[in-house]
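Subject: Model handover and findings

Hello,

Here is the structure I promised you. My notes follow below it.

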Amino acid sequence: MSLRFDAPSSLQYFATLVQSDEHLPLMEAAICIAQDEFPELDIQAVLADIDQMQVRLARHLVGVHTPLQRLKVLNHFFFGEMGFGGNVNNYYAPENSYIPVVLATRRGIPVSLALVWLELAQAAGLQAAGIAFPGHFLLKVGLPEGQVVMDPLTGTSFSAQELAQRLEPFGLGRGRREDTIPLGLHLQAATARDILERLLRNLKEIYFAQSQWALLTATLDRLIVLLPDDWAEYRDRGAVLAEQGRTREAVADWETYLLHAGDRPDAGLIASRLAVLKG
């Protein structure tokens with residue numbers, strides 16, 4: 001008798017990685033997202049590439065003891081020697097969110113570059129975290145001298161005044177004192193789930209703008225696995241499935257959305273579209 005074991009799909013594998021916040025393997029889950037575009041991607045090989053980068057960095061850190069010195073060495077290694085930076089010529093390419101491509105090209109967007117930088121910072125023994133800052137993902141490092149907030153595109157550090165100015169386009173930087181959210185609340189450390197959400201929402205916007213319905217559906221599948229109680233994602237996936245003629249699946253998603261929508265202002269519109277879809 002022969003035994004057959006089917007390998008899990010990429011989505012099923014992703015689901016196992018993100019099922020719990022405790023010890024969520026952020027980098028492995030982020031790499032897994034690229035399998036929607038590159039189904040044959042070897043995740044372990046990509047992780048091995050990152051391990052090799054950490055080994056190279058470790059050689060530069062021999063004899064470097066203080067956190068500030070280690071931060072300087074890391075930034076020189078990452079932005080200088082390795083040449084990582086923003087993909088200014090093609091900022092909205094989906095590949096900028098795929099960690100394997102970012103590693104190969106040394107180009108990305110703030111959140112993807114931050115992911116790689118954080119892996120190296122951890123290996124360097126730095127107390128570092130990502131910040132889901134409005135409009136631009138940031139990095140922060142805790143040092144004995146104080147907290148440093150950095151741009152993952154360049155390694156540039158920001159003063160409190162500069163960060164407040166960055167909030168102004170979002171209506172968050174200034175205003176009546178009682179209405180202004182303290183800057184520190186915008187600088188809280190992002191969780192692994194927060195970072196994966198940011199990465200997937202970037203892809204969601206790009207694939208929608210490009211009308212890439214299959215890849216958009218795959219991204220929404222991951223968002224729903226990651227955030228199973230975010231009912232708006234069921235609404236959006238229902239719309240994308242309907243666009244592809246996948247009526248039965250679209251009906252199921254819209255019914256799920258309406259079950260939890262409550263008094264959301266678009267509930268009536270979705271109910272009308274659902275009635276048309278069901279004929």
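Leaving aside its neighbours within four places in sequence, which residues is Leu241 in contact with? Thr217, Arg246, Glu249, Ala250 and Asp253 are the ones. Contact here means heavy atoms within 4.5 Å.

First, the ground rules. This is a predicted model, where local features need pLDDT of at least 70 and side-chain atom pairs count only at pLDDT 80 or more, while totals for chains, interfaces and linings use all residues. Residues are numbered from 1 along each chain as its sequence is written, and side-chain values use heavy atoms, with hydrogens and water left out.

Back to Leu241. (Helices are DSSP runs of H or I with at least four residues, strands are runs of E with at least two, and both are numbered from the N terminus.) Leu241 is buried, at 3% relative accessible area. The cut-offs are under 20% for buried, over 50% for exposed and partly exposed in between, with a 1.4 Å probe and protein chains only. Thr156 is 85 residues from Leu241 in sequence, and the C-alpha to C-alpha distance is 42 Å.

Next, the sheet. Three strands form an open sheet in the order β3-β4-β5, with antiparallel pairing. Pairing requires at least two DSSP bridges between two strands. β3 (127-131) and β5 are the edge strands, each pairing on one side only. From one strand to the next, the twist averages 20°. β4 (residues 138-143) and β5 (residues 146-150) are joined by five bridges. Among the bridge partners, Leu139 has Met150 in β5, and Leu143 has Gly146. The hairpin between β4 and β5 runs through two residues.

Two helices sit against these strands. α4 lies across β4 and β5, at about 150° to β4. α6 packs on the sheet and touches β3, β4 and β5, with its direction at about 165° to that of β3. Angles run from 0 to 180 degrees between N-to-C directions, and axes are lines fitted to C-alpha atoms, for helices over the stretch in contact.

Now the helix pairs. α4 (residues 67-81) packs with α6 (residues 110-123) at about 135°, with the axes 11 Å apart. The pair is therefore oblique. From α4, the contact takes in Leu71, Leu74, Asn75, Phe77, Phe78 and Phe79; α6 brings Leu113, Val116, Trp117, Leu120 and Ala121. That makes 10 nonpolar residues, one polar and no charged. Nonpolar covers Ala, Val, Leu, Ile, Met, Phe, Trp, Tyr, Cys and Pro; charged covers Asp, Glu, Lys and Arg; the others, Gly among them, are polar.

α3 (residues 43-60) also packs with α6, at about 50° and with the axes 10 Å apart. α3 and α6 are oblique too, and their crossing is right-handed. Ile50, Met53, Gln54 and Leu57 of α3 meet Val116, Glu119, Leu120 and Ala123 of α6. This contact divides into six nonpolar residues, one polar and one charged.

Best wishes

Technical notes
Parallel < 35°, antiparallel > 145°, perpendicular 65-115°, else oblique. Left-handed = near helix turned anticlockwise from the far one by under 90°.
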